[in-house]
Amino acid sequence: MKNRITSILLLVHFCLLPLFASQTGEGLSLEAQLQKQGLVNIHSLAPDILVELKYSTLDNFLAADTYDELENCYLQPKAAAMLKEAQDLLKKSHPELSLLVYDGARPRSVQRKMWALVVNTPSEDYVANPNRGSVHNFGSAVDLTIATLDGVPLDMGTAFDYFGQLAQPRHEDRFLKEKKLTRQQIDNRQLLRDVMTRAGFLSISIEWWHFNAVPVKVARTQYKIIE
Ligand SMILES: [Zn+2]
């Protein structure tokens, strides 16, 4: 009975969501546009994943909220299913922890806002040109960390979007020897890499928080840029 009520509530929730979402602003809201392009709210697959879209707050390197009202993380269906798998793997070995997502699919309209804030500044290197797009713009990349169930992130040695070598996995061995990273910090990163890569994601050598669901070339040929 309880399951039936939950199903009905979920059905009502998901039926009404696009209706409400489309009533804000001119035309469709950002969220409704993502839904229309076939992207999946990761909470519809894995309600227990923690989400704090950093670019929907002022706590990011741009010090700007470029996502406005969007608070949910959307991904291509394949990437969303893989993220649920990563959360399940983490839960199996560490029930006291959860993935904490900072960014997923990023529409080109948001990428344009970001680009306008950094163009001709030293931060320009850290934002993809919206004409070409990044894997986030194809809905196939996720930025995330691991946190306790009440949302306190594990110590990864640097903050999210720290632009320096200390955030780059390729230098971890050296920084461990130089005592600039601790074994615990590297183990925390390794736990994140372990569950993400076992779920099929690809890690990159320059950001501990970024994972691609498919190789860059595949994203560019298989998907359109999210608008
Ligand atoms: Zn990223």
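Which residues have the most contacts inside the largest nonpolar core? They are Ile42, Leu75, Leu83, Ala86, Leu99, Val101 and Val142, in a core of 51 residues. A nonpolar core is a set of buried Ala, Val, Leu, Ile, Met, Phe, Trp, Tyr and Cys residues joined through C-beta atoms within 7 Å. Helix H2 (30-36), E3, H4, E4, H5, E5 and H7 each supply at least two residues of this core. H4 gives the most, with six residues. In soluble globular proteins, nonpolar side chains tend to be buried together.

Some ground rules come next. This is a predicted model: local features need pLDDT of at least 70, side-chain atom pairs count only at pLDDT 80 or more, and totals for chains, interfaces and linings use all residues. Residues are numbered from 1 along each chain as its sequence is written. Helices (H or I, at least four residues) and strands (E, at least two) are DSSP runs, numbered from the N terminus. A residue is buried if 20 or more other C-beta atoms lie within 10 Å of its own, exposed if 12 or fewer, and partly exposed in between; the C-beta atoms are placed from the backbone.

Now take the whole chain. It has eight helices and seven strands. Of its 227 residues, 35% count as buried. Two residues are in contact if their C-beta atoms, placed from the backbone, lie within 7 Å. Take the contacts between residues at least 6 apart in sequence: 70% of them join residues at least 24 apart.

Leu75 is then in contact with Leu39, Val40, Ile42, Ala80, Leu83, Gly104, Ala105, Gly139 and Val142.

Next, find strand E4 (residues 97-103). Seven of its seven residues are buried, so E4 is largely enclosed by the rest of the structure. Which way do its partners run? Two strands pair if DSSP finds at least two bridges between them. Strand E2 (residues 50-51) is joined to E4 by two bridges, and these strands run parallel. Here Val51 stands opposite Val101 of E4. E4 and E5 are joined by six bridges and run antiparallel. Ser98 has Ala147 in E5 as its bridge partner.

Helix H7 comes next. H7 covers residues 183-198, which is 16 residues, so it should span 22 Å; its end C-alpha atoms are 22 Å apart, which agrees. Gln185, Asn188, Arg189, Leu192, Val195 and Met196 are buried in H7. They cover an arc of only 130° around the axis, which puts them on the same side of H7. That arc is taken from the directions from the helix axis to the C-beta atoms. The buried residues of H7 pack against helix H4 (77-93), strand E5 (141-148), strand E6 (202-203) and strand E7 (210-212). The face turned away from the buried side carries the exposed residues Arg183, Gln184 and Asp187. Just after H7, Gly200 takes a positive phi of about 105°.

Move on to Leu202, in strand E6. Leu202 has 15 C-beta neighbours inside 10 Å, so it counts as partly exposed. Leaving aside neighbours within four places in sequence, Leu202 is in contact with Phe211, Asn212 and Pro215. Leu202 and Pro215 are 13 residues apart in sequence, and their C-alpha atoms are 7.4 Å apart in space.

Asp68 lies in the loop between E2 and strand E3 (74-75). It is not a glycine, yet Asp68 has a positive phi of about 50°. Asp161 sits in the loop between E5 and helix H6 (172-177). Asp161 is not a glycine either, and its phi is positive, about 60°. Asp68 has 16 C-beta neighbours inside 10 Å, so it counts as partly exposed. Asp161 is partly exposed, with 19 other C-beta atoms within 10 Å.

End at Phe138, in the loop between helix H5 (108-118) and E5. Is Phe138 buried or exposed? With 25 C-beta neighbours inside 10 Å, Phe138 counts as buried. Leaving aside neighbours within four places in sequence, Phe138 is in contact with Gly133, Ala219, Arg220, Tyr223, Ile225 and Ile226. Phe138 and Glu227 are 89 residues apart in sequence but 9.3 Å apart in space, C-alpha to C-alpha.

Methods
Expected span 1.5 Å × (residues − 1).
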